[in-house]
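Please find below a short note on the structure, arranged as numbered points.

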Amino acid sequence: MNLTVNTFSYIAGVKTALSIPSLGVTINGVPIVGASTSNTVAITNNSAATINIVNSGYFSYDVAIDSVFTENKTIDIILVLDLSIVDPNYNRPYPRFFYFQDSYSFKTYFYNASSFSGNIEWYYNNTSYSSNSKLVIDTKAPLEYQVKLRGTTYEPLGGVRYESTWATDIVGISGNTTPGTASDISTYLALDLNKNITEIEYRPTFYLTPSDPEDMGQTDKGYARDEVVTITPFIELTNTSTYTVKYEVTNPYGIVFINTTISYIDIPSVTINFPLSILGNYTVKATLTDVEGNQKYYSTINVNTINFIDITYQSCNVFKLENRSTTIPITYEISSLTEVVIPQTGLQYNSSVNLTLPGTNLYTIKVTYNDIVEYYIINNYCDLEDCMTTYILDIFCDPTCDPCNTLDKELDLIRLFALSNTYFMKLHKEYYINNYYTALEQTKLDELTNIKQTLDKLTEYCKRKGCLDKSEDCGCNKTTSQKGGCGCH
C-alpha cells in the first residue's frame, strides 16, 4: 500500500500546509530527501509503520502505527509551534487524529496526529472512552459514529489553562482561546456532532439456492429420484478482491462425490448441477474464499430426494399404486416369492391404478424407470387378520364353552399367539428397517422367505381350525352369522 503523509501548521485557528525540510521526515527509519509538504512511501501490506517529523521551532512528532492494512491511505499531521512562555498561546493543545480501518473486521484504530495535544482523552459519541495514546473501537456491525479527541493543559499552580476538542474539519478545534477561561467540557463537546467514522459491511452476501423440484404433490420440498438439481449461489461482494468458490457435495451414504474449486468471475460460472441418483439427503457445502484477505465464508443447504411411488391400502386384497412424478412413466411387475402374479405393466406419470392381489401372501412390486429398478414389499394379510380377530373373540367371550375342554382351547390360543407374535415381530423388524429396496439380494430374499414361511404356518393353523372356511360360528352373538371364527362347538 502507499502511505501519504501531509504536514500542516495550525496558527490562529487556520490549518496551513507546512513544508518540512529535507531529511525532516523519517518513515520506517528512512529519511525523506527533499523539502515537501507531502511525502508518499510504499509500505508492505498489513505491516507496521513508524513516522518521525522534526522541524525547527515546532514540537517534534512521533507515532508507531500497528498496521497500515492494504488500502492506500493519506494522513494529515499537525505540527505545533514551540512558543515562548510569555506567549498567550503557550501550552495550548491542538488535538487531531487519523485512523486506519481493518478491511476484514469492524475495528478502527485511532492515532494522535498532533505534535502537541496536551493530556489527551478519547470520546465515543461524546462519552469519555479512553485516555490511552491510541484508541481501538470495534462496533461488531456496520455503524456510523463520532470519535472526538480532547486535549487539556493545566497551570502548575492549579486549574485548567486550555481545553480543546477536535472531531472534524467542518467545525475544527473547539475550546477556550484565553488562558484559564475554559468552560465545562460539555460546552465544547456539543459544538461538533458530526459523524466522522463509517464502519461498512465487509462480509459478502453469500447463500445457495437449489432449483425447484418437480411438483409431485409432496408436502415438503423434495426431489424425485434421478431428478437433476441445479445449485446457484447468490454472491454480492463488498470489495474487489479475488474470490474462489469451492463445492463439496455429499450423497446420502456420506460419500463426497463432488469436490471442486471454481474461480469466481460471474454467477453462471459457479453454478453446479448433478443428478439425485440415490434416495435420501444430499448435503451441499460451498466455501467462498477471499484470496487476498484469506477470509472464508460458508453456505450449506440440504437437498432431499423423496420417493414418488406410493402404495396405499384400499380394501382387503386391494392396494393403490400411484406414480406421483409429473415427468417419468414407470413399469411395474408384481410377484409372490415364488411366481409372477401381475406381469409387467406400464403406468404413466401422474396416474394411479388399483391392484387386486390373489390372497394372503407377501408380494414384491418391481418398479422400473429410466435405468433404475426399485422393489417394494406388500404384506397382504387382511383375510388372516379378520379370521384371527374373530377366532380370538370367540374363545374369550363364548358363554357356551363351559362343556368343552377349556385346556385344549387355551393351548390353541397359546399356539395362535405364538405363531402370530412370531410373524408380526419378524415383519415389524423388517419394515422398521425398510420396506423399499433398490435390489433384492439373496440374504434379503432369505429373510422374506423366512417371514413367508411363518405366515404359511399361521394360515395353515387357522384353516385346520376351520377359521378361514366357516360361514357361521359360535361367537358371542349366537344369532349373528359371521365370516369366520371357530369357537367352542
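1. Which residues of strand β5 (residues 38-42) lie on the covered face, and which on the uncovered one? In this predicted model, Asn39 and Val41 make up the covered face of β5, whereas Ser38, Thr40 and Ala42 make up the uncovered face. In a regular strand, side chains alternate between the two faces of the sheet.

2. Strand β5 is joined to strand β1 (residues 2-11) by five bridges, and the two run antiparallel. Within this pairing, Thr4 has Thr40 of β5 as its bridge partner. Thr40 also belongs to the uncovered face of its strand.

3. Four strands form an open sheet in the order β4-β3-β6-β7, paired in the antiparallel sense. Because β4 (30-31) and β7 (61-65) stand at the edges with a single partner strand each, one side of each has no neighbour in the sheet. Strands β3 (residues 25-27) and β6 (residues 49-53) are linked by three antiparallel bridges, and Thr26 stands opposite Asn52 in β6.

4. The largest nonpolar core comprises 28 residues, and those with the most contacts inside it are Leu208, Ile231, Tyr247, Phe274, Val284 and Val303. Two or more residues of this core come from each of β19 (205-210), β21 (228-236), β22 (243-250), β23 (256-263), β24 (272-275), β25 (280-290) and β26 (295-306). Apart from this core lies another, of 27 residues, among them Ile51, Tyr58, Ile65 and Phe98.

5. On the surface, Ile85, Val86 and Tyr90 form a nonpolar patch with about 330 Å² of accessible area together. Tyr90 lies in the loop between β8 (73-79) and β9 (97-101). Tyr90 counts as partly exposed because its relative accessible area is 32%, a value between the limits of 20% and 50%.

6. Overall, the secondary structure comprises four helices and 34 strands. Of the 489 residues, 45% count as buried. Among contacts with a separation of 6 or more, 58% involve residues 24 or more positions apart. The protein exposes about 24,600 Å², of which carbon and sulfur atoms supply 51%.

Note on methods: Residues are numbered from 1 along each chain as its sequence is written. This is a predicted model: local features need pLDDT of at least 70, side-chain atom pairs count only at pLDDT 80 or more; totals for chains, interfaces and linings use all residues. Side-chain values use heavy atoms; hydrogens and water are left out. Patches are made of residues with over 30% relative accessible area and no salt bridge: like charges are joined within 9 Å, nonpolar side chains (Val, Leu, Ile, Met, Phe, Trp, Tyr) within 5 Å. Accessible areas come from the Shrake-Rupley method with a 1.4 Å probe; for residues, only the protein chains shown count as cover. A salt bridge is a side-chain nitrogen of Lys or Arg within 4 Å of a carboxyl oxygen of Asp or Glu. Buried means under 20% relative accessible area, exposed over 50%, partly exposed in between (1.4 Å probe, protein chains only). A nonpolar core is a set of buried Ala, Val, Leu, Ile, Met, Phe, Trp, Tyr and Cys residues joined through side-chain atoms within 4.5 Å. Two strands pair if DSSP finds at least two bridges between them. Contact means heavy atoms within 4.5 Å.
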